[in-house]
Every structure is written in C-alpha cells, then in structure tokens.
Amino acid sequence: MDKVISKVASDAGAPTAKTCRSVISGVLALAVRRGALMVNPVREVEAIESPKKPPRSISEELVDWFAALRADKQAVRKDLPDLTLFICRRDAASGRRWRSCGTRWT
C-alpha cells in the first residue's frame, strides 16, 4: 500500500493520493467486514503531507489604494471601501474576483 500511495503522490500530487487512499481504504474495509481480510492494511500507511502555501501579504499599492478610498468622501458615501474590502476578503482568496457584486442580500 505504501508503494502505491507514494507513487500516486509523486505522479499526481498529494490531494489525488489522499483520494486514492480513501477509496482503497473503503474497498478494503468492506473486505474486512465480509471476512476476506483480517485487517485493513491501508490503516498502516503513513499520513500524506500536502505542501503548505506560505501566507500572502497585502501589497503596498493595495494599502495605499484603501487609504485613498477611505479618504475620498464620495467613495465613502457610496460604500466603496466596504465593498472592496468585502470583495478582497471573500473573492480574492478563492480566485473569483468581483463575483461578490452579484451577491444577494436576504
């Protein structure tokens, strides 16, 4: 099992290896329940580590832009600082920029 999961992880990546491990574990768990195996060998496979992405910080340009928005009375009156902060927090992390403008408030 270690060789199979390691090969999948090196060829296709950690998320795919985790999915593969789950599927194999489910199949072998059924085999244990039906009496074909005594133990599930996937339980002994080492945990699959996914590389963590380092946190990204906000750029100086964006900091200056937010400061300029907050200083502009017309932008504040139209709630642009709040809208842009909402967009940056919600959509930028998921890569779906400007999708928040279609948000329905209920």
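Is F66 buried or exposed? F66 is buried, with a relative accessible area of 6%; buried means under 20% relative accessible area, exposed over 50%, and partly exposed in between, using a 1.4 Å probe and protein chains only.

The model is predicted: local features need pLDDT of at least 70, side-chain atom pairs count only at pLDDT 80 or more, and totals for chains, interfaces and linings use all residues. Residues are numbered from 1 along each chain as its sequence is written, and side-chain values use heavy atoms, leaving out hydrogens and water.

The protein chain has 5 helices and 0 strands, where helices (H or I, at least four residues) and strands (E, at least two) are DSSP runs numbered from the N terminus. Of its 106 residues, 18% are buried.

The protein chain contains 1 aromatic pair. Rings of Phe, Tyr and Trp (its six-membered ring) pair if their centres lie within 6.5 Å; planes under 30 degrees apart count as stacked, over 60 as edge-to-face and the rest as tilted. The ring centres of W65 and F66 are 5.6 Å apart and the planes stand at 55°, so the pair is tilted. W65 is partly exposed, at a relative accessible area of 38%.

N40 lies in the loop between α2 (14–33) and α3 (60–71). N40 is buried, with a relative accessible area of 9%. Its side chain reaches the backbone oxygen of S25 at 3.1 Å. Not counting residues up to four places away in sequence, N40 touches S25, L28, A29 and V32, a contact being heavy atoms within 4.5 Å.

How values were computed. A polar contact is a pair of N or O atoms within 3.5 Å; within protein, one must be able to donate a hydrogen and the other to accept it, and residues adjacent in sequence count only if both atoms are side-chain atoms.
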